[in-house]
Amino acid sequence: MKTLLLVTLLVPTLTFAQVTERTFEAMTRTENNKPLVGEVVLTDLISNDSFDGEHFKIVQGKSDDAIKFDADEALTFRAATTYYHLTKARDYFVNKIKSEYVANLPKMVIRIEHSNQFSELGHFTNDKYDPQYNNALTIPAGVGLASKGVKPWGMEIWFRPSKRVNIKDLKVNNLQNQEFQVLMSGFRDQIHMQSMQRFLSNTVMALTSDGPGMNPLSTENLIRTVGSSIVMEIGYQFMDPITKFFSRKWYWLDTAVVPEIIYHEYSHAALSDHLQLSHSTAIIEGMADFFAGKIANSPKLAMHIKKYNTYNGKNAKRKQDYKIQFEMGEYANTDFVFGLLWEMGNIVGEEQAEDYMFALRKKVTTNSDIRKELVEALFQTCEETCHSPFLDTLRLKKALNSKGI
């Protein structure tokens with residue numbers, strides 16, 4: 001009788017606790033990579049009233065409590081979007097890549113609308129330090145600081161608040177602008193040289209001609225021979241103000257609702273068994289980009305979400321040659337390595353690409369350079385995993401050479 005009574009009391013409680021699924025609106029992508037707001041099913045939930053699941057707990061800012069289902073609509077939209085795409089990313093690494101490391105990762109706390117900087121000792125820096133906006137960050141676990149009451153924490157992902165910032169206030173690299181200026185400078189010199197050659201040629205012809213000819217110093221001849229140089233020089237000297245006039249003036253990025261950024265950050269976590277979460281480098285960012293692209297099933301990342309994102313995104317198929325600047329930390333988030341790895345994956349074969357790149361993580365470190373260590377790792381990994389190592393290595397070398405490496 002006591003056993004029956006105990007079962008009767010426990011059954012409603014167990015039934016109530018097993019939530020597992022819930023439907024919410026979230027940001028998704030169509031098959032053509034277009035943004036779409038629609039209903040999604042969140043799985044593996046362990047709470048009836050908040051975004052708390054078996055593998056992820058979505059919190060706001062520095063809070064330890066999961067965001068409630070009945071919170072502000074904009075907040076629940078971000079929470080649902082991050083939870084949904086993180087689950088998709090985890091399923092990819094567990095079920096397709098067969099990563100035991102990811103399968104055994106402890107439950108992760110995911111912070112959205114979180115503006116504090118990261119402290120290796122204190123978890124969060126003091127609120128008085130510069131708040132962070134328009135980006136995302138995956139942080140390593142920490143032991144805490146008992147003397148200051150800071151408890152240990154596990155690996156976390158932070159999605160910053162979106163903030164409208166004037167483009168002139170952004171501290172970003174200007175590699176593309178530098179490349180454009182170098183190109184224009186070379187074109188300018190070429191135009192001036194051509195004009196000088198035409199002027200000298202006309203002058204020589206006028207001086208050696210027996211009959212009456214055009215005066216080389218006449219206004220008509222000067223305009224004809226150096227007019228293009230004048231136009232070119234005006235354009236070159238006023239290039240900066242013209243560019244600023246036609247460029248967009250404001251920038252913002254809501255990382256919590258861009259699927260590929262969510263995949264990118266989780267890829268950092270999934271690859272952290274070999275690529276440490278210490279700082280941003282070309283290799284660690286490029287590897288995360290590659291797997292984000294595979295999860296998204298697209299070589300284009302973070303594109304076309306205009307309401308939430310004015311970021312130009314990354315495109316693995318953008319044609320770029322290697323430049324020494326790509327090795328520098330401030331250029332870590334350019335898409336050169338992303339495009340390079342995407343092309344290498346296509347060479348070894350679509351069916352093998354993901355396993356090849358996942359094996360590659362063991363041959364490189366966070367601090368590896370592109371030209372030497374990444375290239376050597378690509379060859380070594382192919383030797384061990386490619387179906388046709390000799391032929392595939394030749395193809396890899398040809399592709400790398402075409403990119404200036």
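This is a predicted model: local features need pLDDT of at least 70, side-chain atom pairs count only at pLDDT 80 or more; totals for chains, interfaces and linings use all residues.
Ala136 has its bridge partner in S8: Phe159. S7 and strand S8 (residues 156-159) run antiparallel and are joined by 4 bridges. Strands of a sheet pair through backbone hydrogen bonds, either parallel or antiparallel.

Now widen the view to the sheet. Its 4 strands lie in the order S3-S4-S8-S7. The sheet is open, and its pairing is mixed. Strand S3 (56-60) and strand S7 (136-139) are the edges, each pairing on one side only. Neighbouring strands are turned against each other by 20° on average, direction ignored.

Which strands does H2 touch? H2 packs on this sheet and touches S3, strand S4 (108-112) and S8. The direction of H2 makes about 155° with that of S3. Helix H7 (residues 259-270) packs on the sheet too. H7 touches S3, S4, S7 and S8, and its direction makes about 15° with that of S7.

Follow H2 to its helix neighbour. Helix H2 (residues 73-96) packs with helix H8 (residues 282-296) at an angle of about 100°. Their axes are 10 Å apart. The angle falls between 65 and 115 degrees, so H2 is roughly perpendicular to H8. From H2 come Lys88, Ala89, Tyr92 and Phe93. They meet Phe291, Lys294 and Ile295 in H8. By class, this contact has 5 nonpolar, no polar and 2 charged residues.

Helix H9 (residues 336-348) and helix H11 (residues 370-385) cross at roughly 20°, and their axes come within 13 Å. Angles under 35 degrees count as roughly parallel, so H9 is roughly parallel to H11. The crossing is right-handed. Phe336, Val337, Leu340, Leu341 and Met344 in H9 meet Ile370, Leu374 and Leu378 in H11. Here the classes are 8 nonpolar, no polar and no charged residues.

Strand S1 (residues 20-29) and strand S2 (residues 35-45) run antiparallel, with 9 bridges between them. The hairpin has 5 residues between its strands. In the turn, Asn33 has a positive phi of about 70°.

Finally, take the chain as a whole. How many helices and strands does it have? The protein chain has 12 helices and 12 strands. Of its 405 residues, 44% count as buried. Consider contacts between residues at least 6 apart in sequence: 66% of them join residues at least 24 apart.

Terms used
Residues are numbered from 1 along each chain as its sequence is written. Side-chain values use heavy atoms; hydrogens and water are left out. Axes are lines fitted to C-alpha atoms, for helices over the stretch in contact, and angles run from 0 to 180 degrees between N-to-C directions. Helices (H or I, at least four residues) and strands (E, at least two) are DSSP runs, numbered from the N terminus. Angles under 35 degrees count as roughly parallel, over 145 as roughly antiparallel, 65 to 115 as roughly perpendicular and the rest as oblique. Contact means heavy atoms within 4.5 Å. Ala, Val, Leu, Ile, Met, Phe, Trp, Tyr, Cys and Pro count as nonpolar, Asp, Glu, Lys and Arg as charged, and the others, Gly among them, as polar. Two strands pair if DSSP finds at least two bridges between them. A crossing is left-handed if the near helix is turned anticlockwise from the far one by less than a right angle, and right-handed if clockwise. Buried means under 20% relative accessible area, exposed over 50%, partly exposed in between (1.4 Å probe, protein chains only).
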